[in-house]
Amino acid sequence: MSINKKTTIVSAVLVSSVLLSGCGLFGSQGKEKVDPPKAVTYSDEGENVAEETNGTETETAENEEGVVANIQTELYLIDKNGYVVPQTLELPKTNSVATQALEYLVENGPVTDLLPNDFRAVLPADTKVSVNIKDKVATVDFSKEFQEYAPEDEMKILESVTWTLTQFDSIDKVKLTLNGHELKEMPVNGTPIAASLSRTNGINMDTAEVVDITNTKPVTVYYLGGDEENYYYVPVTKRVSNKMDNNVEAVVNELVKGPNYASKLVTDFLPDVQLLEDPKVEDGKVTLNFNENVFSSFEEKIISQHLLNALVLSLTEQKGIESVAVTVDGKAEIVNENGEKLTEPVTRPENVNTGSF
């Protein structure tokens, strides 16, 4: 469903900082820059100098005055509709960022007072976790309390743990153990667990329109969840035909098609939005040439902030794509909802759903 059919969206609802030339959607660029584990020291000027090490993460880092700083971390929590959604929260500064992130996924744990409205934690109460990182693989060990989750949360737990950990540069894959023993299937409903988990396994899987899944491949796109006064971005993995060679085009098609009508998610793309030519990818930048239906206001040549955000979030999930440039009928005379010209490619934000809305 398109939210353009319902109401005009004001970008201030969601966006804490405006889209500036060459900047990310919400501020700084790229994957989370704090890589676990780190040994951190501080210079006389108070600047931190980090040295990466393998193995178990180290203890909390404080500055010279003993004051613990905060760091923005994406936690994949469950919303009221059952979707696994990134929410960026400020957590205490620590070298054990991966372990801490999982500790903040535990029900009735330290995340309790930070939870956004209509969100809940994903791991069972009292679950203890430890994380060991080696060669970009994070091995997570859970205590026995991990087995006390609701059956319907089983896939959500796998997705939440995987996507929360892989936000960090030093983690590409995740392995799970229970009291030191490898988990080959989840303990409640028996969902098989691959030898290692990664984002390629998907999140919030939507296979409603898939007849033969064996002839498809996954792409992850971002739709809008929540409501008009409190929208947030929800990643959804859909299946597209293996015959679709161009993954960029496949992502755009799924954004235009929109979410399943029963999903309670919405999009700012109208169904008559089209690409006028094949996407061009060069040096990490993809250039897309749309027809005029991509405008939310044709007279003023304004492109919706939500449309642009969803486009950049979705396309930068594709390997090798770091920024997105948009033209309409071959021209780059486009402005955002703040009236600013989009003269440079737009990069992915470091954090999504920052709570500034």
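View 1. Phe146 is buried, at a relative accessible area of 0%; buried stands for under 20% relative accessible area, exposed for over 50%, and partly exposed for values in between (1.4 Å probe, protein chains only). The model is predicted, so local features need pLDDT of at least 70 and side-chain atom pairs count only at pLDDT 80 or more, while totals for chains, interfaces and linings use all residues. Residues are numbered from 1 along each chain as its sequence is written, and side-chain values use heavy atoms, with hydrogens and water left out. The structure holds four aromatic pairs. One of them joins Phe142 and Phe146 in a stacked arrangement, 4.0 Å centre to centre with 5 degrees between the planes. Rings of Phe, Tyr and Trp (its six-membered ring) pair if their centres lie within 6.5 Å; planes under 30 degrees apart are stacked, over 60 edge-to-face, and the rest tilted. Phe142 is also buried, with a relative accessible area of 1%. Ring pairs join Phe142, Phe146 and Tyr149 in a cluster.

**View 2. The salt bridge of Asp153 and Arg120.** The two side chains meet at 2.9 Å, N to O. A salt bridge is a side-chain nitrogen of Lys or Arg within 4 Å of a carboxyl oxygen of Asp or Glu. Asp153 is in the loop between strand 8 (137-142) and helix 2 (154-165), and Arg120 is in strand 6 (residues 119-120), so that the pair links distant parts of the chain, 33 residues apart. Helices (H or I, at least four residues) and strands (E, at least two) are DSSP runs, numbered from the N terminus. Asp153 is buried at 8% relative accessibility, whereas Arg120 is partly exposed at 37%.

**View 3. Further salt bridges.** Seven salt bridges are found in a search of the whole structure. Among them, Glu254 and Lys238 meet at 3.0 Å, N to O. Glu254 belongs to helix 3 (residues 247-257) and Lys238 to strand 12 (residues 230-241), so this pair ties together parts 16 residues apart in sequence. Glu254 and Lys238 are both buried. In another pair, the closest N and O atoms of Glu277 and Lys280 are 3.5 Å apart, and Glu277 is partly exposed at 36% relative accessibility. Arg199, Glu317 and Arg348 are linked in a network of salt bridges.

**View 4. Leu176 in the largest nonpolar core.** This core has 75 residues, of which Leu123, Leu176 and Leu311 touch the most other members. A nonpolar core is a set of buried Ala, Val, Leu, Ile, Met, Phe, Trp, Tyr and Cys residues joined through side-chain atoms within 4.5 Å. Apart from neighbours within four places in sequence, Leu176 has contacts (heavy atoms within 4.5 Å) that include Val140, Phe142, Leu158 and Ile193. A second, separate core of eleven residues includes Tyr76, Val84, Leu224 and Leu313.

**View 5. Strand 4 and its partners.** Eight of the ten residues of strand 4 (residues 70-79) are buried, so the strand is largely enclosed by the rest of the structure. Strand 4 pairs with strand 5 (residues 84-92) in the antiparallel sense over nine bridges; two strands pair if DSSP finds at least two bridges between them. Leu77 stands opposite Val85 in strand 5. The hairpin of strand 4 and strand 5 has four residues between the strands, and Gly82 there takes a positive phi near 90 degrees. Strand 4 also pairs with strand 6, in the antiparallel sense over two bridges, and Asp79 has Phe119 of strand 6 as its bridge partner.
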